[in-house]
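Subject: Structure handover

Hello,

Here is the structure you asked to take over. My notes on what was found follow below it.

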Amino acid sequence: MPKHTTNTTNLTTESEQFDRSLSLPNEINFIQTATQNFYFFDLGKLERLHNINFNSNYYIIAECNRTTVGYRQLDDKTQIIDVPVMGNDNSSDDVQNYCSNGQTPSFYIYDNKNSIKYDLTGVIIDAFLGTNTIYNVNF
């Protein structure tokens with residue numbers, strides 16, 4: 001199964017310029033699976049909580065078992081953003097460390113330009129359950 005890549009072509013307008021010259025490190029890639037959940041974050045609250053002004057250099061990264069299982073590129077225009085989290089659908093050995101039912105994924109903010117990882121603090125994350133479940137992340 002191909003590795004997931006973020007296609008920002010449809011997400012930009014003429015006034016928005018994403019820096020596509022910055023690629024994520026290889027360890028921040030994941031394989032899309034049939035078992036997915038989506039976690040919604042209020043970026044305004046995250047910015048205030050962590051004193052960061054988001055732009056296209058920032059990502060929210062999801063992990064299970066110390067394995068990247070999803071991410072979403074941020075920008076300075078969006079208020080609410082969803083982060084896909086892949087689950088173990090037993091489709092290949094590559095997804096065996098992905099989230100299983102009842103596991104709680106961890107999230108962090110990644111500054112791709114400066115290679116800085118910020119742990120999310122003050123965030124309540126619900127456990128991964130089922131397929132195509134939607135969660136609002138609370139602060």
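At the start of helix α1, a side-chain oxygen of Asp 42 comes to within 3.0 Å of the backbone nitrogen of Gly 44. Please keep in mind throughout that this is a predicted model. Just past the other end of α1, Asn 51 has a positive phi of about 55°.

The helix itself spans residues 43-50, and Leu 43, Gly 44, Leu 46 and His 50 in it are buried. These residues span an arc of only 165° around the axis, so they sit on the same side of α1. As background, an α-helix has 3.6 residues a turn, so residues three or four places apart point the same way. What do the buried residues of α1 pack against? Their partners are the strands β1 (36-42), β2 (58-64), β4 (80-86), β5 (106-111) and β6 (116-119).

For the overall layout, the protein has one helix and seven strands. Read from the N terminus, the order is β-α-β-β-β-β-β-β. Of the 139 residues, 44% are buried. Taking contacts between residues at least 6 apart in sequence, 64% join residues at least 24 apart. The exposed surface comes to about 7,800 Å², with carbon and sulfur atoms supplying 42% of it.

Leaving aside residues up to four places away in sequence, Ile 60 touches Phe 41, Leu 43, Leu 46, Gly 70, Tyr 71, Arg 72, Leu 74, Ile 81, Val 83, Phe 107 and Tyr 108.

Is Thr 33 buried or exposed? Its relative accessibility is 3%, so Thr 33 counts as buried. A polar atom of the Thr 33 side chain lies 2.9 Å from the backbone oxygen of Gly 87. Apart from residues up to four places away in sequence, Thr 33 is in contact with Met 86, Gly 87, Asp 89, Val 95 and Tyr 98.

Last, the charged pairs. Side chains of opposite charge can pair when their charged atoms come close. How many salt bridges does a search of the whole structure find? The search finds two.

- Arg 72 and Asp 82 meet through their side chains at 3.3 Å, N to O. Arg 72 is in strand β3 and Asp 82 in strand β4, so this pair ties together parts that are 10 residues apart in sequence. Arg 72 is partly exposed, with a relative accessible area of 21%, and Asp 82 is partly exposed too, at 21%.
- Asp 76 and Lys 77 form a salt bridge at 3.6 Å, N to O. Asp 76 counts as exposed at 53% relative accessibility, and Lys 77 is exposed with a relative accessible area of 54%.

Regards

Key
Residues numbered from 1 in each chain as written. Predicted model: local features only at pLDDT ≥ 70, side-chain atom pairs only at ≥ 80, totals over all residues. Heavy atoms only, no water. Buried < 20%, exposed > 50% of the residue type's maximum accessible area, 1.4 Å probe, protein only. Helix = DSSP H or I, 4+ residues; strand = E, 2+ residues; numbered from the N terminus. Arc of directions from axis to C-beta. Contact = heavy atoms within 4.5 Å. Polar contact = N/O pair within 3.5 Å; in protein donor to acceptor, adjacent residues only side chain to side chain. Salt bridge = Lys/Arg side-chain N within 4 Å of Asp/Glu carboxyl O. Areas by Shrake-Rupley, 256 points an atom, 1.4 Å probe, with all protein chains shown as cover.
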